[in-house]
Amino acid sequence: MLQVRILFIILLPLLLLQGCVAAVATGAAVGASIAYDRRTTGAVIDDQGIEYKSASALYENQNLYEQSHINITSYNGIVLITGETPTEAFKQEVSAKVKMIPKVTLIHNELIIAAPSALPSRSSDSWITSKVKTKLAADESVDPMYVKVVTERGIVYMMGLVTREEADQAVRVARQTAGVQRVVKIFEYQD
């Protein structure tokens, strides 16, 4: 367990880089995470497929795609939709398109009706996610490999297959991180 934490801490900065090194590091990290994940290998692959198929489906509507900033995150078939879109109709269309994808069991549509966020805001959110994941890696009572962290507008969404104790500790860690406005739990509980 300590070795996985050390691997995670070493690979985290590499994952944030761009280019070939990031692709290789990401591939290695994905392989390591599948071996260590509480989800089945099939579920991990299904989640990747859901994310890819969702992005592809959203791209089909060019007006929606060009006027929105949408992130799709899937964990064990549970889909989190975050970002901004200019109309309620677009927000509903996103849910409808994602709902049609096989293996989607539940959708949390957290899109807000607004213009797409600016790059500095997105960079700040990425920084918050990195800080939360780093703090989780340093905390011995919760394993960062079991918690997926997504940040949008300073709101931290936490997903994963965890015990209630692990979830509570992960939320405590996130709430104590600078820049976090609010924490939303989208966990599946093992107990």
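I take two strands as paired if DSSP finds at least two bridges between them, and I take helices (H or I, at least four residues) and strands (E, at least two) as DSSP runs, numbered from the N terminus.

**Sheet order.** With those terms I looked up the sheet and found three strands in an open arrangement, in the order E5-E6-E7, with mixed pairing. E5 and strand E7 (182-189) are at the edges and have a single partner strand each, so one side of each lacks a neighbour in the sheet. From one strand to the next I noted a twist that averages 15°, where axes are lines fitted to C-alpha atoms, for helices over the stretch in contact, and angles run from 0 to 180 degrees between N-to-C directions.

**Basis.** I am reading a predicted model, in which local features need pLDDT of at least 70 and side-chain atom pairs count only at pLDDT 80 or more, while totals for chains, interfaces and linings use all residues. Residues are numbered from 1 along each chain as its sequence is written, and side-chain values use heavy atoms, with hydrogens and water left out.

**Confidence.** The pLDDT (the predictor's confidence in each residue, from 0 to 100) averages 88 for the protein, and 82% of the residues score at least 70. Over residues 14-25 the pLDDT is below 50, and I found that this stretch has nine contacts in the model beyond near neighbours in sequence, a contact being heavy atoms within 4.5 Å.

E5 runs antiparallel to strand E6 (residues 155-162), joined by six bridges, and Val150 stands opposite Tyr157 in E6. Their hairpin has two residues between the strands, and there I noted that Arg153 takes a positive phi near 55°. E6 and E7 instead pair in the parallel sense, over eight bridges, with Val162 opposite Tyr189 in E7.

**Helices on the sheet.** I then followed helix H6 (residues 119-138), which lies across E5 and E6 and runs at about 155° to E5. Helix H7 (residues 164-175) packs on the sheet, where it touches E5, E6 and E7, and its direction makes about 160° with that of E7.

**Strands E2 and E3.** Elsewhere I looked up strand E2 (residues 78-85) and strand E3 (residues 106-109), which pair in the parallel sense over four bridges, and the bridge partner of Ile78 in E3 is Leu106.
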